[in-house]
Amino acid sequence: GNGFDCRERPQGCEQEEPPQHEYVPIPDVSEYVEEGRFSECVDAIDNEMASSSGQGGRWRLAELHRAKCMCLRKNKDYVGAIKACMIATIDMPRYKQGIFETALTVLDAGRPAVAIAALDRLLRLDRNWPMIDYWITLAQSNAKRAQNDASKGPFHSDFSHVKERSEEQMQYDIQVTDALKGTLYQETTVSIGVDHYRVLGVSVDFSPDELKKAYKAASRTAHPDKKGGSKKKFEAVAAAYEALSDPVSRALYDEGDDLARDLDDNGKEGPSYRERVLKSYFPERFDYLPFGDPFEVKRRVQEERRMNTPPEPNAPDIPPGPYQGTCQGCSVVHGKHQEGTAWLRCTHCLTGMGAMFEESSLQMGSCKEDERITNHHGALMCEADPDAASKVHEPPPEIFHEPEGQEGGDEPQNGGEEPNGKAEL
């Protein structure tokens with residue numbers, strides 16, 4: 001499924017840079033990028049591919065596709081960019097610039113977990129790649145934000161009010177997932193994050209001019225007077241611009257300074273998120289701890305405790321939906337900071353990866369009349385209800401079972417449904 005076989009083409013697998021003796025430089029497209037003429041940039045690369053007729057061999061073709069990937073990414077055509085980057089590295093799997101451009105593309109597309117996979121691969125090839133520690137920290141920070149967003153929802157996300165996705169946007173997200181299928185970076189769990197870059201719709205390596213243009217466009221779209229806009233969305237855009245326009249605040253954000261730190265047994269804050277990431281990737285930069293990192297040990301203990309704690313029974317007032325078959329510990333929680341708001345919160349939602357589960361939340365009333373609540377890889381989501389027309393809801397399948405030796409409740413009557421229409425787990 002990788003698109004290449006190193007046993008058949010060992011020279012492609014060994015080379016990391018084009019051989020200088022047969023190198024034919026590709027056209028310089030920096031002017032197009034600097035001036036924001038991204039469509040023209042793509043056209044220039046396509047014209048060069050058509051006119052060169054294979055001149056310069058596979059390496060030059062790989063570099064042309066890498067440049068096309070960059071132009072498409074800057075133009076927010078992430079599906080096309082992913083395909084171009086895959087072609088750039090399909091024959092030259094150790095092409096470091098192509099791997100790096102892939103990482104930037106999936107970061108811009110809101111897939112930080114995929115970016116981590118690409119950067120891990122790049123790190124194995126070159127631990128001295130320029131700013132590799134910065135890019136890894138940024139990807140890890142965005143992945144953590146996406147994880148918080150999916151598992152904790154309104155309780156930890158700063159962007160719960162800007163998460164609404166139009167049908168067109170959701171379909172495009174599916175196309176991005178499809179573009180990654182069959183590649184080295186195929187997703188096992190889809191987790192689409194919302195961060196300051198995504199709020200503004202700007203690339204992670206933006207220029208000052210790109211940032212200003214993106215801010216103006218996002219402000220117009222999010223303005224309360226515009227259809228689909230709101231005060232909170234407008235404020236989120238302003239906050240994102242404030243964070244990214246200042247070099248110091250941007251650096252802190254990219255390093256995960258907004259993410260919660262661990263606390264030791266005395267309530268003392270642990271290391272920053274950046275330090276935790278760098279200790280994992282570059283342990284040689286830090287002092288040796290013969291008994292291990294106490295915060296890391298505590299995290300492992302807490303995670304094991306969470307995984308081994310059995311879920312509470314689902315509350316009787318939770319809304320119906322197929323999620324009940326794969327989620328437990330579900331209850332309706334009323335918001336502490338927003339009066340009149342309530343959330344469906346489940347402590348144990350299966351991810352589809354063995355017995356792994358996540359905690360997830362969804363605001364009550366988020367789903368439309370023709371939608372139902374489902375569990376998507378450990379995250380509660382709204383999806384189209386195929387039975388909406390007839391309003392017939394079948395009971396969800398039983399995934400969780402009573403432990404051996406523990407007595408279960410009476411079998412539900414009325415064809416497997418409780419009187420209130422909810423299936424017993």
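Axes here are lines fitted to C-alpha atoms, for helices over the stretch in contact, and angles run from 0 to 180 degrees between N-to-C directions. Keep that in mind for the helix pair later.

First, the ground rules. This is a predicted model: local features need pLDDT of at least 70, side-chain atom pairs count only at pLDDT 80 or more, and totals for chains, interfaces and linings use all residues. Residues are numbered from 1 along each chain as its sequence is written, and side-chain values use heavy atoms, with hydrogens and water left out.

Now the overview. The protein chain has 15 helices and five strands. Both are DSSP runs, numbered from the N terminus: helices are H or I with at least four residues, strands are E with at least two. Of the chain's 425 residues, 40% count as buried. Buried means under 20% relative accessible area, exposed means over 50%, and partly exposed is in between, using a 1.4 Å probe and protein chains only.

On to the helix pair. Two packed helices are described by the angle between their axes and the distance between the axes. How do H11 and H12 pack? Helix H11 covers residues 208-222, helix H12 covers 231-245, their angle is about 170 degrees and their axes are 8 Å apart. That makes H11 roughly antiparallel to H12. The cut-offs: under 35 degrees is roughly parallel, over 145 roughly antiparallel, 65 to 115 roughly perpendicular, and the rest oblique.

Who touches whom? Contact means heavy atoms within 4.5 Å. From H11 come Leu211, Lys212, Tyr215, Ala218, Ser219 and Ala222; they meet Lys233, Phe234, Val237, Ala238, Tyr241, Leu244 and Ser245 in H12. These residues divide into nine nonpolar, two polar and two charged. Ala, Val, Leu, Ile, Met, Phe, Trp, Tyr, Cys and Pro count as nonpolar, Asp, Glu, Lys and Arg as charged, and the others, Gly among them, as polar.

Next, the loops. Most residues other than glycine have a negative phi. Lysine 76 is not a glycine, yet its phi is positive, about 65 degrees. Lysine 76 sits in the loop between helix H4 (57-74) and helix H5 (78-90). Is lysine 76 buried or partly exposed? Its relative accessibility is 44%, so it counts as partly exposed. Methionine 131 also has a positive phi, about 60 degrees. Methionine 131 lies in the loop between helix H7 (112-125) and helix H8 (132-151).

Last stop: serine 203. Serine 203 is in the loop between helix H10 (196-200) and H11. Serine 203 is buried, at 7% relative accessible area. Leaving aside neighbours within four places in sequence, serine 203 contacts Arg73, Lys74, Asp108, Tyr197 and Glu210.
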